[in-house]
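Thanks for coming. I have one structure to go through, and I will start with a single residue before moving to the whole chain.

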Amino acid sequence: VPVQHEADPRPETTDFGVLTTASKAGDPLAAFLVQHGISKRVIVLSVNSAYVPMLENLLCSIRALWGQDNPKATALQTPSGVKVMVAAQDADVCAKVNPFNLPCFLDKSMAPVQPGQAAKYGSQGFMTTTHNKLKAIANVLRLGLDVVLVDSDIVLVRDPFENFSPHCDVQFQQNSPGVEMRWTSKDQVNTGLYHAKANPRTLRYFERVAYERASKFDDQEDV
């Protein structure tokens, strides 16, 4: 679903090739991406430690899908070279995913949430945890990389890149196609898996929902 946006004062030709410059300037995320050879596009898994058991299932499915069954492989990536990284919402996440040899970045811009609250659907802790995912996307987009976000409760059985169009700023799934339910409209997007291109419009959109709105709702309602 292309993003509906206001006119952006920044030109479409804005140069987003800032990764190396930002790294040299001391940006910790940029330095992390350079260190792990991540550029242009990345698959981001943003999780609180409460969701690591589900994340392990997702990682197993990714390795099986793209023929990387060895858990000690140095990099988890698609056949076209798109790498996978974890945007950790707390320090325990990186320790728990260490056996998978995944690049794991502890993002200090995210609001900390106790695992017990993060896993309690509908709680403020749950809302904050899902809202943190939007920050993870905005932070990567700001450095000029296209982002694919995949929730930890997903298992991939087919390559999602086959369905991404180069002509859309952001592509979401529909949450309940053609179905009107009490808690969601038939037009609501599903934020479990989506693709966002790094351009001025998309960056501004995610900056708004991630940093300019309070996390009173989950990311799906915010988006």
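Asn-101 is partly exposed, at a relative accessible area of 35%. This is a predicted model, so keep that in mind throughout. You will find Asn-101 in the loop that runs between helix H4 (91-97) and strand S3 (104-106). Its phi is positive, about 55 degrees, and Asn-101 is not a glycine. As background, most residues other than glycine have a negative phi.

Lys-40 is another non-glycine residue with a positive phi, here about 70 degrees. Its loop sits between helix H2 (28-35) and strand S1 (41-47). Is Lys-40 buried or exposed? Lys-40 is exposed, and its relative accessible area is 69%.

The largest nonpolar core has 34 residues, and the members that touch the most others are Leu-33, Met-85 and Phe-206. The biggest contribution to this core comes from helix H6 (residues 124-141), which supplies six residues. Another core, of 29 residues, lies apart from it, and includes Leu-45, Leu-55, Ile-62 and Val-84.

What does Met-85 contact, beyond its neighbours within four places in sequence? The list includes Leu-29, Phe-32 and Leu-33, then Val-42, Ile-43, Val-44 and Leu-45, and also Pro-103 and Phe-105.

Last, the chain as a whole. It has eight helices and six strands, and from the N terminus the order is α-α-β-α-β-α-β-α-α-β-β-β-α-α. There are 223 residues, of which 51% count as buried. The exposed surface comes to about 11,200 Å², with 52% of it from carbon and sulfur atoms. That is all I have.

Methods: Residues are numbered from 1 along each chain as its sequence is written. This is a predicted model: local features need pLDDT of at least 70, side-chain atom pairs count only at pLDDT 80 or more; totals for chains, interfaces and linings use all residues. Side-chain values use heavy atoms; hydrogens and water are left out. Helices (H or I, at least four residues) and strands (E, at least two) are DSSP runs, numbered from the N terminus. Buried means under 20% relative accessible area, exposed over 50%, partly exposed in between (1.4 Å probe, protein chains only). Accessible areas come from the Shrake-Rupley method with a 1.4 Å probe; for residues, only the protein chains shown count as cover. A nonpolar core is a set of buried Ala, Val, Leu, Ile, Met, Phe, Trp, Tyr and Cys residues joined through side-chain atoms within 4.5 Å. Contact means heavy atoms within 4.5 Å.
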